[in-house]
Each structure stands twice: as structure tokens, then as C-alpha cells.
Amino acid sequence: MPDDLRAARPPRDLKIPAQRHPEKARRPDQAQPKKPSWIRVKAPVGQGYKQTAKIMRDHKLTTVCEEAGCPNVGECWSQGHATMMIMGEVCTRACTFCNIATGKPPEPLDAFEPGRVADAVQKLGLNHVVITSVDRDDVSDGGAEHFAQTIRAIRHRAPGTTIEILTPDFLRCDPSVLEVVVAAKPDVFNHNLETVPGLYPEVRPGARYFHSLRLLQRVKELDPSIFTKSGIMVGLGEDRQAVLQVMDDMRAADIDFLTIGQYLQPTPKHHRVDRFVTPEEFAGYEKSAWGKGFLMVSATPLTRSSYHAGDDFQRLRAAREAALAKA
């Protein structure tokens, strides 16, 4: 396409689903079943919600709470908790479950973003912060140094805040980039497996199950003091035995913390909801996970990676101290 025509093309409007997910535009619509009573949540309201939103806007920050359509945004923001999403709002992957905009990111990484994130963390007075990102396969290190700079900026501006990161898989990078992130010493290193391996070609086609598993194992090998965490969604078409096998795989990789939540379909173009898993089934998964030796488990329909992350971190730290005292 000639440069003059490319320049004349209007920018994407990421509020329009067809422009937000151009790769899904021609997919047939998938029926969106009615949510059961245990899934429904209250609409976001309240002064605390508004104050959190203002701080995010004033600092020109993106949150995964909004971009991924998290059902817990009202509760978390009203308490001043938000999961900040760095490295832009356009992801280079196109997972069929995810509501984050996809395509080629229009801008390079913002060198001033780590400082803005740190300033927002300080102003929110957070005891614990979760930092996640889009995938940036267009960047040579996948954004590893950007993560490290963000961690260091928060340590400088808010030294009392514990830091949890939820990273991409760095699949297309040199393996050494992981060392850059680990050297910045986050308190929790999270990378979600998202689903069982048999569903990867359909649900997470740009990723590799055993690569993601090995990534978390390497974090623990590089720095055993860092807690590792991962999560999956259920209701995508998996069966119970496959979920239990994922738990075993995670424990073999020495993962400390497991989250399991219900998959919710963002739009008719996304992967369909196979079924809504009952609260009783979630309780069964949680019981199984505790029995397999995880230090911390959260398994409920509304569980998400960063839901109650600060409280869970305190429990996780206490569990480790108790385990060491027994040794």
C-alpha cells in the first residue's frame, strides 16, 4: 500500500469489537449462554471506584481490569486496587478467549511508563501491586527490561509495596531475557497456563504449554525466594482429569500458588463457554490442589489472577514461613 494511502487510513477504534479483534471478525458467532446466579456481580459504583479511575486516567495508564473486562472491577477499584497493564493496549497474540485488542502495536515501548506506574502505586497507597502486560513479540526481549524497570521504579517510589508480576511467555526471545526480570526481584512471578494442554491449539494457538511450564520452573531455579504462581480457566471444554494433570505438572515445576476461575466469553466472536462450572466443583478442585501441596490456592467462579492478590500474598508468605518452621 502506498505511504500516502496508509497515512490517510483512520486509526483503529478499539472500542469497536471488529476493530479491536480484526482476526475474529469473520468467525461465526458463538452463542453466549445466560450466566447463572453465582456469576453475576454488581455494576461498578462508589467514590473509591471513581478515585481509582481518576488516578489511572491522570497517569495515562492502562489496566487489565478494563481491557480484559474483569467481572471484579467494581469491587477491586472501590478498594483502590487495580492491575496495571504495561507496554500498550494492543497484543501481538490472538488467543481466542481474550478480550485485549490484538494486532501490531502502533507505538514503541514508552520509556516514561515505569515512572508513571510507580507514581500511581504511591498515590494509591498500595500494599501490594500487580503488574501485567500485553504480549510484545515485536520487541526483541519481549519487554523483559521494561518489566524490570517498572519493578525498580516501584521499589524506589514505594519501597513498602510488594510487587507481583504477570508476564508473557517470552516464547520468541533468547532464554536469557528471563534472567533480566528475575534479577529485578519481584515478590511474585505469575504466568498463566490458562487452560489444559489439549485445548492450546484452539484456545492459545500462539503459545506452547510446556514452554510456559518451563518458564515458571526456571524462575524458581534462578531465585528460589520468588513465589511462583499460575492459573487456568475452566468451562472451555476441559475435563476434570485434565485439570488434575495440570495441577500435577505445576507441582512438578515447583509452582507455589494456583488460581482457577470460570471462563466468561467476552463477545460472540470469542471461544464459546462450554459450561458453567458449579461452586461445588470449584470446591472440589480447591481440595485436590491443597492435597497436591500448593502453598496457596484460589478456586472459585470469580477467581482471577489478581483478585484479592494482596491478601493472598500475605497468606502465601505465612504458609512458607510455617513450612520452613516445620522443616
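Analyst: Contact, or touching, means heavy atoms within 4.5 Å. By that test Cys98 touches His21, Lys24, Pro266 and His270, once residues up to four places away in sequence are not counted. The structure is a predicted model, in which local features need pLDDT of at least 70 and side-chain atom pairs count only at pLDDT 80 or more, while totals for chains, interfaces and linings use all residues. Residues are numbered from 1 along each chain as its sequence is written, and side-chain values use heavy atoms, with hydrogens and water left out.

User: What makes Cys98 a residue to look at, and which residues share its annotation?

Analyst: The unreviewed UniProt entry carries a "binding site" annotation that covers Cys91, Cys95 and Cys98. UniProt positions follow the numbering used here, feature names are shortened, and annotations may be inferred rather than shown by experiment. Cys98 lies in the loop between β3 and β4, while Cys91 is found in strand β3. Helices (H or I, at least four residues) and strands (E, at least two) are DSSP runs, numbered from the N terminus.

User: Why is Cys91 called buried?

Analyst: Buried means under 20% relative accessible area, exposed means over 50%, and partly exposed is in between (1.4 Å probe, protein chains only). Cys91 has 10% relative accessibility and therefore counts as buried. Leaving out residues up to four places away in sequence, Cys91 touches Ile100, Ala101, Thr102, Gly103, Val134 and Asp135.

User: How do you know that Arg93 and Asp135 form a salt bridge?

Analyst: A salt bridge needs a side-chain nitrogen of Lys or Arg within 4 Å of a carboxyl oxygen of Asp or Glu. The N to O distance between the side chains of Arg93 and Asp135 is 3.8 Å, so the pair meets the cut-off. Side chains of opposite charge can pair when their charged atoms come close.

User: What makes this pair a link between distant parts of the chain?

Analyst: Arg93 is in the loop between β3 (90-91) and β4 (101-102), and Asp135 is in the loop between β5 (128-133) and α7 (144-157), 42 residues apart. Both residues are buried. The pair also belongs to a network of salt bridges that links Arg93, Asp135, Asp137, Asp169 and Arg172. The whole structure has 21 salt bridges.

User: Are Glu145 and Arg152, which form a salt bridge, buried or partly exposed?

Analyst: Glu145 has 30% relative accessibility and Arg152 has 42%, so each counts as partly exposed. Their closest N and O atoms are 2.7 Å apart. Arg214 and Glu221 form a salt bridge as well, with the closest N and O atoms 3.0 Å apart. Arg214, at 36%, counts as partly exposed, as does Glu221, at 49%.

User: How do you know that helices α10 and α11 pack against each other, and at what angle do they cross?

Analyst: The axes of α10 (residues 209-222) and α11 (residues 240-252) come within 9 Å and cross at roughly 35°. Axes are lines fitted to C-alpha atoms, for helices over the stretch in contact, and angles run from 0 to 180 degrees between N-to-C directions. Tyr209, Leu213 and Gln217 in α10 meet Val246, Asp249, Met250 and Ala252 in α11.

User: What makes Met250 part of a nonpolar core?

Analyst: A nonpolar core is a set of buried Ala, Val, Leu, Ile, Met, Phe, Trp, Tyr and Cys residues joined through side-chain atoms within 4.5 Å. The largest such core has 71 residues, and Met250 is among those with the most contacts inside it, with Ile131, Phe189, Met247 and Ile260. Helix α7 gives the most to this core, with six residues. Another core, of six residues, lies apart from it and includes Phe227, Phe257, Phe313 and Leu316. Beyond four places in sequence, the residues that Met250 touches include Leu193, Leu213, Ile232, Leu258 and Phe294.

User: Why is Val203 called buried?

Analyst: Val203 has 0% relative accessibility, so it counts as buried. Val203 is found in helix α9 (residues 200-203). Neighbours within four places aside, Val203 is in contact with Cys95, Thr96, Phe97, Thr195, Leu236 and His271. Val203 and Ala94 are 109 residues apart in sequence and 9.2 Å apart in space, C-alpha to C-alpha.

User: What is the phi value of Met87, and is this residue buried or exposed?

Analyst: Phi of Met87 is near 75°, a positive value in a residue other than glycine. Met87 sits in the loop between β2 (83-86) and β3, and at 2% relative accessibility it counts as buried. Lys185 also has a positive phi, near 60°, and lies in the loop between α8 (177-183) and β7 (188-190). At 42%, Lys185 counts as partly exposed.
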